[in-house]
Amino acid sequence: MGDQTNHIHEKPSEDGKQVFVGTTFLPLLPHKSGNVGTSRNRLHFGKLDPRPLIRQRGITRDAIVIARRKSELALPASRDTLIYPSKPYQQPPPALVSDKYDDSDVSEELYISEDTAPPTPIKRTTEVSGLKAYLTACKTYSLVPITKFKRQLEGEMVSLKNHNIQGNTAKAIALALESSYSITNVDLEGSFLGPIGAIYIADILNNSHNITVLNLSGNKLMSRGLQVIVETMQKNTSLLSLDLSDNSFTDKDTSCLKDLLLSSCVLRELNLSKNGFEDSGGVLIAQGLAQNKTIKKLNLSWNHLRRNGAYAIGQSIKTNTKLEVLDVSWNGFDVPGCHGFSQGLDANTSLRELNISSNRIGPKGVAKLLEGLKRNTTLACLKLADNPLGPNGALAVLNAAMKSHSIEELDFGNQPVTAEFEDLLTKIQAGRDIKVRYGKEPSKAKREVCDETLYIAGNPLIILFEFIRMKKLDILNLFKTLDADSNHSISWEEFRIGVKKSHIPVRPKDLEQMIDKMDLDKDGEINFSELIVAQKAHNMQAEKLLAWSLDAFHDSPIGQIYRDLHKRCSDTNIYLKQYKLVK
């Protein structure tokens with residue numbers, strides 16, 4: 001018999017309208033041509049899932065549709081029982097034989113009958129429908145199916161980062177996602193969708209109510225694409241998280257975003273970072289945010305929210321009662337933004353995390369911010385990294401945190417602190433759990449060198465540039481030497497190490513003052529252009545004094561530091577350039 005144990009074997013009835021399977025006759029549905037063929041009516045039960053065949057009423061050359069009467073037929077659950085019997089052929093029961101086949105009570109689902117449980121239909125999985133829709137679309141548009149996408153359609157998340165999804169490819173993917181009921185998370189970051197692709201995304205959101213997370217960052221949706229997405233989102237009732245970062249939006253697009261914030265959509269998280277929002281755009285976003293009732297997490301980092309825009313965003317959290325996490329880092333708003341956030345924090349009762357890193361916040365901005373922070377009772381995490389706070393600014397924030405029992409985490413980045421800061425932190429941590437990130441303690445560097453004769457008193461900036469000019473140092477080479485990590489800017493720590501190695505007689509405690517005077521953009525670091533500007537200003541002042549008279553030069557602070565430098569370097573056998581009167 002060979003492979004008979006692995007197959008369902010059949011024998012046609014006399015009228016050719018039924019197939020004898022084992023000891024039971026199964027009715028055969030007629031082929032489209034009206035004929036019933038039996039040469040290909042063999043179904044491999046062990047390797048072929050019969051469910052996809054059940055749906056269609058017709059016999060093709062490659063498959064036979066098996067149907068049964070619910071009340072008269074039950075297939076055994078075990079494949080081994082479907083073996084062609086050794087006993088001779090028997091005439092089928094008359095009740096199952098008729099000249100005209102009636103399929104009114106034929107089930108379209110295959111039932112497996114067991115003694116211990118009632119028949120249960122095998123349902124089609126929803127993933128199959130999404131996959132079928134995708135394969136059909138690929139065939140229609142002559143596309144090569146994306147293997148990764150096909151595999152992901154069987155799960156809950158689709159991630160096609162940095163794929164080129166345009167034209168018919170976007171259409172096919174949209175049709176698949178519309179048909180799938182299992183996909184809840186879609187990540188299309190950097191897929192070059194553009195404004196046209198936004199239309200297909202809108203179709204997905206309109207026809208699928210299962211997607212809750214959607215990442216459209218880096219797709220250059222532009223104004224037209226944003227308008228399509230916003231119009232769709234105003235009607236959507238399922239999407240909870242939307243990422244629209246890095247899509248080249250500008251201030252003229254913020255009216256759409258204001259409408260989105262004022263709509264009744266159910267968004268909980270919105271990412272608008274890395275766009276081009278400025279003052280007027282910040283005001284419009286703030287107007288929508290002030291009245292929004294759903295969003296809990298908002299990211300506005302890496303924009304240009306300064307002055308009125310930053311002030312308005314800070315003011316908006318006064319009336320917002322739902323926002324819990326707000327990221328406005330890398331905007332550069334300094335005092336105006338701190339003023340707005342001070343007033344917002346004073347009245348806010350919902351915000352738990354605020355990120356204002358890299359905003360050029362100096363001592364004045366910190367002082368203004370702390371006015372509102374001292375009266376806030378809900379903020380748990382404050383991030384202030386990469387701001388020119390200075391050790392005293394960091395200490396002031398820590399003092400405010402000590403009085404605010406809600407603060408659980410502070411992030412100062414690599415900001416150097418004093419011994420007083422560390423002592424206060426130890427005292428606070430003894431009483432409650434608080435996490436604080438900060439840089440090295442500069443006071444340790446002070447204790448390393450106690451001999452004041454190694455340094456020269458006076459303006460540290462004058463000392464630096466007089467030392468550079470008197471030793472005829474190349475300013476570019478000096479910058480490269482100080483820039484240890486080659487990131488084209490000099491941090492406080494790099495300045496400290498570089499000054500020490502170069503034997504520049506500037507006291508470590510004066511480094512902060514020197515950096516603050518050269519740091520034109522107040523980002524806490526010195527770039528090459530800032531160093532050049534400061535050097536030119538110093539040289540012009542020195543040459544102006546020399547042109548007036550030698551006495552005028554020697555009586556000035558520059559002249560005093562020049563004499564001290566000349567004496568110190570002469571004592572240590574270091575050659576210095578002699579000044580000459582400018583003619």
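Is Asp246 buried, partly exposed or exposed, and what is its relative accessibility? At 31% relative accessibility, Asp246 counts as partly exposed; buried means under 20% relative accessible area, exposed over 50%, and partly exposed in between (1.4 Å probe, protein chains only).

## Basis of the model

This is a predicted model, in which local features need pLDDT of at least 70 and side-chain atom pairs count only at pLDDT 80 or more, while totals for chains, interfaces and linings use all residues. Residues are numbered from 1 along each chain as its sequence is written, and side-chain values use heavy atoms, with hydrogens and water left out.

## Salt bridges

The whole structure has seven salt bridges, each being a side-chain nitrogen of Lys or Arg within 4 Å of a carboxyl oxygen of Asp or Glu. In one of them, Lys220 pairs with Asp246, with the closest N and O atoms 3.8 Å apart. This pair links distant parts of the chain, 26 residues apart: Lys220 is in the loop between strand S10 (213-215) and helix H6 (222-233), and Asp246 is in the loop between strand S11 (241-243) and helix H7 (254-262). Helices (H or I, at least four residues) and strands (E, at least two) are DSSP runs, numbered from the N terminus. Lys220 is partly exposed, at 40%.

Lys383 forms a salt bridge with Glu353, and their closest N and O atoms are 3.5 Å apart. Here Lys383 belongs to strand S16 (residues 381-383) and Glu353 to strand S15 (residues 353-355), 30 residues apart. A network of salt bridges links Lys161, Asp187 and Glu189.

## Aromatic pairs

There are six aromatic pairs. Rings of Phe, Tyr and Trp (its six-membered ring) pair if their centres lie within 6.5 Å; planes under 30 degrees apart count as stacked, over 60 as edge-to-face and the rest as tilted. Trp302 and Trp330 are stacked, at 4.4 Å centre to centre and 10° between the planes. Trp302 lies in the loop between strand S13 (297-299) and helix H9 (308-316), and Trp330 in the loop between strand S14 (325-327) and helix H10 (334-347), so the pair ties together parts that are 28 residues apart in sequence.

Phe412 and Phe421 form an edge-to-face pair, with 5.7 Å centre to centre and 80° between the planes. Both Phe412 and Phe421 are buried. Ring pairs join Phe412, Phe421 and Tyr438 into a cluster.

## Cysteines

The structure has zero disulfides, a disulfide being a pair of cysteine sulfur atoms within 2.5 Å. Cys138 is buried at 2% relative accessibility, and Cys265 is buried with a relative accessible area of 2%.
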